[in-house]
Structures are given as C-alpha cells and as structure tokens.
Amino acid sequence: ADYIPAFTSVEENLPTIEDAVSRGYSILIFPEGHRSVDGKLRRFHKGAFFISEKLKLDITPILLHGLQYSLPKSEYNVKSSPLNLKVLPRIKHNDTSYGETYKERTKNISKFYKKELELFQNEANDPDQLFHPLLNSYIYKGPKLEWYFRIKYLFESENFVLIDQLIGNDRSRIYDLGCGYGFLSYYLLLRNNSRLIHGFDYDDEKISIAANSHLKQENIHFASKDIAEIEMHDADAIVISDVLHYLTPEKQVSVLNDCKSALSESGVLIIKDGLRKNNDQHQWTKRSEKWSTEIVKFNKTTNALHFFDYPFIADWAKANDMELRIEKQLEKSSNVIMTLRPY
C-alpha cells in the first residue's frame with residue numbers, strides 16, 4: 001500500500017519519502033510513535049522534524065481527541081463515542097521561532113502541541129463526549145444502575161458542568177463527600193485527569209462499584225466512610241452534593257466545620273442541596289428524596305431527613321468568615337448550588 005515502515009531508520013526512509021513528496025504525496029506522521037493509554041501526550045520522536053528540515057517541508061499540526069477511549073491501546077473492540085479532530089495553522093519549515101535545528105524544533109513544537117491539546121480537550125470534553133465512557137462504567141452492573149445513571153445524568157449533567165467550572169483547572173486536590181457511585185467524581189476526572197480526587201460515601205456497595213471501574217486511575221480514590229468522620233487536608237475544592245440533608249443538624253455543622261478547617265487559602269466549598277421552603281419547589285424536592293430513599297432505595301438513610309434553610313447556611317458562613325454565593329437556583333426543585341470561600 002506504499003506505506004513507509006516506521007521500524008526502519010528515518011535516514012533509510014528519506015529517499016522513499018522524497019520520492020513520494022515529488023509525486024504529490026503528503027507524509028502523515030504520529031510523532032509519539034504509539035498510542036497513548038491515558039490520553040496524555042507522550043515524548044515526541046525527532047524523525048518528523050528531521051524530515052521537515054532535510055526536505056524543507058512545512059508541518060501541519062493535527063490534534064486527535066477521544067481515540068484513547070474509543071480505540072484504546074491493547075483492546076480490539078471499538079467503543080461508541082464521539083471523535084474530535086482539530087487542524088492547527090501550518091508551521092513553515094523555515095520558521096525559526098521554534099528553534100534553529102530539528103532537535104530544538106522537536107522540543108519546542110512538542111510543548112506547543114501539549115498546550116494546544118490541553119485547550120482542545122477542555123473544549124471537546126463536554127457532557128455529550130463524556131456520557132459514553134461514564135455510561136460504560138455502569139452499563140454491565142445491573143439494569144437498575146444503568147437506568148439510574150441515565151436518569152441522573154440527564155438531570156445533573158448541567159450541574160456537573162457548573163461544578164467543574166466553579167472548581168477550575170487550577171484546583172487539583174478535590175474531595176467529593178457523599179460521592180455515591182462516583183458519577184461526579186469520574187466526570188471531574190475525565191474533564192481534567194491531572195486532578196487528585198477523593199470520594200467518600202458510607203454506602204459500601206456504592207463505593208465498591210465506584211472503585212471497580214474501567215475509568216479508575218491512580219489519582220482517584222474511593223473509601224466507605226461516614227463523611228462526619230473523614231480526615232481532609234490541603235483541599236483545593238470540597239463538593240457536598242445532595243448529602244447534608246441526610247445528616248442531623250449537629251452533624252451538618254460538624255461537617256461544615258471540618259470542611260472549613262481542611263480548605264486551603266484559595267479553596268472553595270461547593271454545596272448542592274435543597275433549601276427548606278414552604279413552597280411547591282421544596283415539596284417536589286421532598287417527594288424526589290422519598291422516591292429515592294423509600295421506593296427505588298438507591299440512597300440509604302439512618303435517620304429522618306433534615307433540610308436546612310438559607311439563614312442557617314448564611315449564619316454559619318458569617319460566623320466562620322466565609323463568603324457565601326448562590327451560584328444557581330434549579331427551576332423545578334428547591335435545590336441550589338452555592339459556594340463558600342474563605343475571606
């Protein structure tokens with residue numbers, strides 16, 4: 001098929017490449033030499049840049065996204081998922097801004113690729129892109145769990161997007177308190193796989209499922225523990241989503257105090273919960289929790305639910321020198337997403 005073998009040296013291939021170019025062909029090269037297992041860019045080999053210098057060929061950078069999931073290394077099956085491609089502006093062969101020699105250009109163009117790929121991944125990793133890898137983490141663990149994930153993701157993906165934005169790419173140590181099956185934890189990891197994520201939940205079964213996923217990496221950890229008893233430190237972000245109302249008022253204060261102590265100076269505490277109100281929205285929230293705890297029984301509870309009102313959280317924030325902001329009010333329910341930051 002006229003392919004140029006990569007197992008022979010670039011010097012040996014140079015006459016063949018020159019002949020192909022003279023006949024109008026472009027040369028497609030994967031400078032890493034092999035597929036990445038985790039989607040992170042590997043070291044570039046020098047061959048492409050040696051060819052560019054010797055034959056005076058421009059370089060058109062092309063970024064690929066999604067292949068590490070759809071066609072992973074050492075697997076034979078292609079998974080269903082969007083694939084994304086981005087073509088960047090051409091780099092002229094005589095452009096010395098990346099260096100004078102092909103060795104310098106290898107190093108500097110590699111840095112350019114890495115920066116651009118991070119931007120592209122951040123742009124391409126939207127909820128539609130991440131739905132497939134997340135779904136396949138739960139799809140063979142019972143039809144009820146698959147169905148529950150589909151429903152949960154349908155209603156929560158916009159909130160996942162907001163929580164990810166509120167955390168930001170600069171905050172790396174994240175605690176997900178009451179992480180359940182790990183839906184949000186894995187979403188945050190897929191959005192930025194340089195994060196260190198700790199997920200806690202007192203439901204052993206949920207933690208077992210979260211910890212045994214094809215998405216599991218060294219930098220995401222799950223443990224079965226009461227969130228009122230865990231030890232946190234140097235937290236860049238702490239997320240408590242739909243959890244506080246499962247605790248007694250005394251435990252709510254205790255958990256909030258622990259979070260405040262664990263946050264770094266620039267850390268953020270993100271809370272999603274239903275604020276107690278005497279209106280239809282809060283009645284919807286209470287019915288939803290009854291359905292979740294008493295009917296389908298996806299969530300376990302050891303005591304009555306205790307929803308808190310806005311003055312409760314506002315008074316706690318004021319007493320602890322925390323800036324409180326309501327980031328989002330959900331339309332159908334009394335749930336809000338709020339942030340608390342140290343002054």
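Begin by selecting leucine 85, which counts as exposed because its relative accessibility is 55%; exposed means over 50% relative accessible area, buried under 20%, and partly exposed in between (1.4 Å probe, protein chains only). The model is a predicted one, in which local features need pLDDT of at least 70 and side-chain atom pairs count only at pLDDT 80 or more, whereas totals for chains, interfaces and linings use all residues. Residues are numbered from 1 along each chain as its sequence is written, and side-chain values use heavy atoms, with hydrogens and water left out.

**The surface patch**

Leucine 85 lies in strand β2; helices (H or I, at least four residues) and strands (E, at least two) are DSSP runs numbered from the N terminus. Colour β1 (62-65) and β2 (84-87) next: each supplies at least two residues of the patch.

**Asparagine 125**

Select asparagine 125, in the loop between α4 (102-124) and α5. Asparagine 125 is buried because its relative accessible area is 8%. Display its side chain together with that of histidine 65: a polar contact of 2.8 Å joins the two. A polar contact is a pair of N or O atoms within 3.5 Å; within protein, one must be able to donate a hydrogen and the other to accept it, and residues adjacent in sequence count only if both atoms are side-chain atoms. A polar atom of the asparagine 125 side chain also lies 3.2 Å from the backbone oxygen of leucine 190. Arginine 191 is 66 residues away along the chain, yet its C-alpha atom is separated from that of asparagine 125 by 6.1 Å.

**Asparagine 13**

Move to helix α1 (residues 10-22), where asparagine 13 is found. Asparagine 13 counts as buried because its relative accessibility is 10%. Its side chain makes a polar contact of 3.0 Å with the side chain of threonine 8.

**The nonpolar cores**

Now select Leu134, Tyr138, Ile167, Tyr181, Phe183, Tyr186 and Ile270, which touch the most other members of the largest nonpolar core, a set of 35 residues. A nonpolar core consists of buried Ala, Val, Leu, Ile, Met, Phe, Trp, Tyr and Cys residues joined through side-chain atoms within 4.5 Å. Elements giving two or more residues to this core include α5 (127-135), α6 (143-167) and β7 (263-274). The largest share, 9 residues, comes from α6. Centre the view on tyrosine 181: not counting residues up to four places away in sequence, its contacts (heavy atoms within 4.5 Å) include Tyr138, Leu145 and Phe298. A second, separate core has 30 residues, among them Ile227, Cys259, Ile313 and Trp316.

**The whole chain**

Buried residues make up 45% of the 343 residues.
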